[in-house]
Amino acid sequence: MPEIERLTVTMPAEMAAVVKQAVEAGDYASASEVVRAALRDWKLKRTLQLDELTALKVDIDAGLADVAAGRVTTFDAARIVERGRKLLADRSPSA
């Protein structure tokens with residue numbers, strides 16, 4: 001069994017009410033269970049955020065390498081807007 005450590009958590013009354021309601025509704029056996037479930041969800045979400053950040057950094061590094069190597073094209077905002085409009089039109093149901 002993992003080692004258990006007791007912590008005191010302070011939260012706004014609104015959050016405490018949500019925790020108490022979850023216990024009273026029978027969704028959880030205790031406030032500690034609610035907090036543990038919330039922490040598990042946060043940990044998963046945080047892992048996904050860090051993975052996305054890592055992927056973004058890889059993309060940025062690749063883009064910077066392309067710029068350094070001269071593999072760039074002229075930015076054409078009008079062309080990008082037109083492409084976006086076409087993509088939206090293709091997704092819209094036919095009238």
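## Exercise 1: The largest pocket

The largest pocket has a volume of about 610 Å³. This is a predicted model, in which local features need pLDDT of at least 70 and side-chain atom pairs count only at pLDDT 80 or more, while totals for chains, interfaces and linings use all residues. Residues are numbered from 1 along each chain as its sequence is written, and side-chain values use heavy atoms, with hydrogens and water left out.

**Task.** Find out which residues lie nearest the centre of the largest pocket, and which helix gives the largest share of its lining.

**Solution.** 
Step 1. Start with the term: on a 1 Å grid over the protein atoms alone, a pocket is an open set of points where a 1.4 Å probe fits, with protein on both sides within 12 Å along at least five of seven lines; lining residues have an atom within 4 Å of a point. Points are joined across faces, edges and corners, and the volume is the space filled by probe spheres set on them.
Step 2. The lining has 17 residues, and Glu5, Leu7, Ser32, Val35 and Arg36 lie nearest the centre.
Step 3. Helices are DSSP runs (H or I, at least four residues), numbered from the N terminus. Both α1 (13-24) and α2 (31-68) supply at least two lining residues, and the largest share, 6 residues, comes from α2.
Step 4. Sort the lining by type: 10 residues are nonpolar, 1 is polar and 6 are charged. Here Ala, Val, Leu, Ile, Met, Phe, Trp, Tyr, Cys and Pro count as nonpolar, Asp, Glu, Lys and Arg as charged, and the others, Gly among them, as polar.

## Exercise 2: Checking helix lengths

**Solution.** 

## Exercise 3: Salt bridges

**Task.** How many salt bridges does the whole structure hold, and which residues form them?

**Solution.** 
Step 1. Look for a side-chain nitrogen of Lys or Arg within 4 Å of a carboxyl oxygen of Asp or Glu. The search finds 2 salt bridges.
Step 2. Asp66 pairs with Arg71, their closest N and O atoms being 2.8 Å apart. By relative accessible area (buried under 20%, exposed over 50%, partly exposed in between; 1.4 Å probe, protein chains only), Asp66 is partly exposed at 29%, whereas Arg71 is exposed at 53%.
Step 3. Lys86 pairs with Asp90, with 2.9 Å between the closest N and O atoms. Both residues lie in α3 (residues 77-91), 4 residues apart, about one turn of the helix. An α-helix has 3.6 residues a turn, so residues three or four places apart point the same way. Both Lys86 and Asp90 are exposed.

## Exercise 4: Confidence

**Task.** Which helix has the lowest mean pLDDT, and which the highest?

**Solution.** 
Step 1. pLDDT is the predictor's confidence in each residue, from 0 to 100. The chain has a mean of 94, and 98% of its residues reach 70 or more.
Step 2. Among the elements, α3 has the lowest mean (94) and α1 the highest (98).
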